[in-house]
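Please examine the sequence and the three-dimensional structure shown here. A short report on selected features comes after them.

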Amino acid sequence: MDPLDTRFADCLHYATHRRRTGEPFETAIFNTTIYALPGEPQGAYQYARWANPTWTALEEVLSLLEDAETLIFPSGMAAVASVLYSQLRPGDQVLLPSDGYYTVRTAAEKFLAPFGVRLRTCPTAAVEREPLDGLKIVWVETPSNPGLDLADLRAVAQRAHAAGALLVVDNTTMTPIGQRPLELGADVVVSSDTKGVNGHSDALFGHVASRNAEVMAGVRDWRRICGAIPGAFETWLVQRGLDTLELRFSRMCDNAQQLAERLIQHPKVRAVRYPGLTSHPAHALARSQMRGFGALIGITLADAGAAERFIDGCRYVRSATSFGGVHSSAERRARWGEAVADGYVRFSVGCEPPGTLWRDVERALEAVGS
Ligand SMILES: *Cc1c(COP(=O)(O)O)cnc(C)c1O
């Protein structure tokens, strides 16, 4: 029996185990800004920028899933910001991935650097060899997005701790089902739940999880004081999405593995990047630190035209930015100026029936021309 499977089942039944006879099974959406508060202020619920019972319900399940205290945010970037802004002070140095989610670097350059925080960057695949002395935070995203390079989380955690730094892992691409950074030694996990955790492309959301009480106190204060708080309705949507996360993620990984193995043999395809392929340079590492290999595949076609014709030619893969949803989507990442080949397609594999999805992709590839 896999203890993580037991944990996922306990998450699924978290609320059902707490219901008494006649109580609604599902969590309520509390749209309120205030709470009854006579006399001296007391209790968890005093003002709605500080706490909301709909948040509490989701935070309890996410804490069980992450096996660590968890706080929710109205977007992935709000979760990212809560960690950076609550932990860094003038003179501190932070290492960010040069090939990770670009808005994290933009936020640091635009808002942290002017306050005297020093920024360094390095590629994900090189962080194992990067000197970490003098850093306050080492920030890692693995697999990196969009290049799908890996960093060895156990090794980086050890080196970061030896240097006196905190290791923060952006776990968006894998979700808590697919990768458990805190168990590999990371201090903090951030996630854009806009992607796989909610999975239905209908809510922006994020969370931060950590077993470090001091870090979480800072993150909580930042949210309460600066007001980056989620709406009750979005919180409820994510709660609902979470119930099928394990099911969706497992279908997406299966679909992605099958597609990657077929794509790599297709004459129209120049290269395929997927951690589940033995040809991935860090495949052995992927096996040792990931549960499943994720829903993202990097596909290199001949040029920009071929990539656009491929995407447009698919019936069940739609052109969109973002990933991790139930619908397959794809985009040419060079259209955002990212340092990838013009014909590089980031393919976010969804939950379509596997045979139908492959036939669609194969037909679109045939029509691409050579
Ligand atoms: C999307 C994303 C974010 C930002 O999340 P939002 O919910 O869009 O604010 C951060 N990190 C990664 C890896 C992402 O993919």
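Predicted model: local features only at pLDDT ≥ 70, side-chain atom pairs only at ≥ 80, totals over all residues.

Residues are numbered from 1 along each chain as its sequence is written, and side-chain values use heavy atoms, with hydrogens and water left out.

## Ligand surroundings

The ligand is surrounded by 14 residues, the closest being Gly76, Asp170, Ser192, Thr194 and Lys195; a residue is near a molecule if one of its heavy atoms lies within 4 Å of it.

| Residue | Part of the residue | Ligand atom | Distance |
|---|---|---|---|
| Gly76 | backbone N or O atom | oxygen | 2.8 Å |
| Asp170 | side-chain N or O atom | nitrogen | 2.7 Å |
| Lys195 | side-chain N or O atom | oxygen | 2.7 Å |

Taken alone, the ligand exposes 380 Å², of which the protein buries 92%. Accessible areas come from the Shrake-Rupley method with a 1.4 Å probe, and for residues only the protein chains shown count as cover.

## Aromatic rings

A pair of aromatic rings is described by the distance of the centres and the angle of the planes. Rings of Phe, Tyr and Trp (its six-membered ring) pair if their centres lie within 6.5 Å; planes under 30 degrees apart count as stacked, over 60 as edge-to-face and the rest as tilted. The structure holds 5 aromatic pairs. One of them joins Tyr47 and Trp50 edge-to-face, at 6.4 Å centre to centre and with 85° between the planes. Tyr47 is partly exposed at 37% relative accessible area, and Trp50 is partly exposed at 34%; buried means under 20%, exposed over 50%, and partly exposed in between (1.4 Å probe, protein chains only).

Phe233 and Trp236 form a stacked pair, 6.2 Å centre to centre with 15° between the planes. These two residues are 3 residues apart in helix H8 (residues 232-242), which separates them by about one helical turn. Helices (H or I, at least four residues) and strands (E, at least two) are DSSP runs, numbered from the N terminus. Phe233 is partly exposed at 42% relative accessibility, and Trp236 is partly exposed at 23%.

Charged groups also sit over rings. The charged end of Arg18 is placed over the ring of Tyr14, 3.7 Å from its centre, and Arg223 lies over the face of Phe73 at 5.8 Å from the ring centre. The criterion is NZ of Lys or CZ of Arg within 6 Å of the ring centre and within 35 degrees of the ring normal.

## Cysteines

How many disulfides does a search of the whole structure find? The search finds 0 disulfides, a disulfide being a pair of cysteine sulfur atoms within 2.5 Å. The sulfur of Cys11 is 17 Å from the closest cysteine sulfur, in Cys253, and is therefore too far away for a bond. For Cys253, the nearest cysteine sulfur is that of Cys351, 9.9 Å away. Cys11 is buried at 10% relative accessibility, and Cys253 is buried at 8%.

## Two further residues

His207 belongs to strand S7 (residues 206-210) and is buried, with a relative accessible area of 0%. A polar contact of 2.7 Å joins the side chains of His207 and Asp193. Such a contact is a pair of N or O atoms within 3.5 Å; within protein, one must be able to donate a hydrogen and the other to accept it, and residues adjacent in sequence count only if both atoms are side-chain atoms.

Gly292 lies in the loop between helix H10 (283-289) and strand S9 (296-300) and is partly exposed at 29% relative accessibility.
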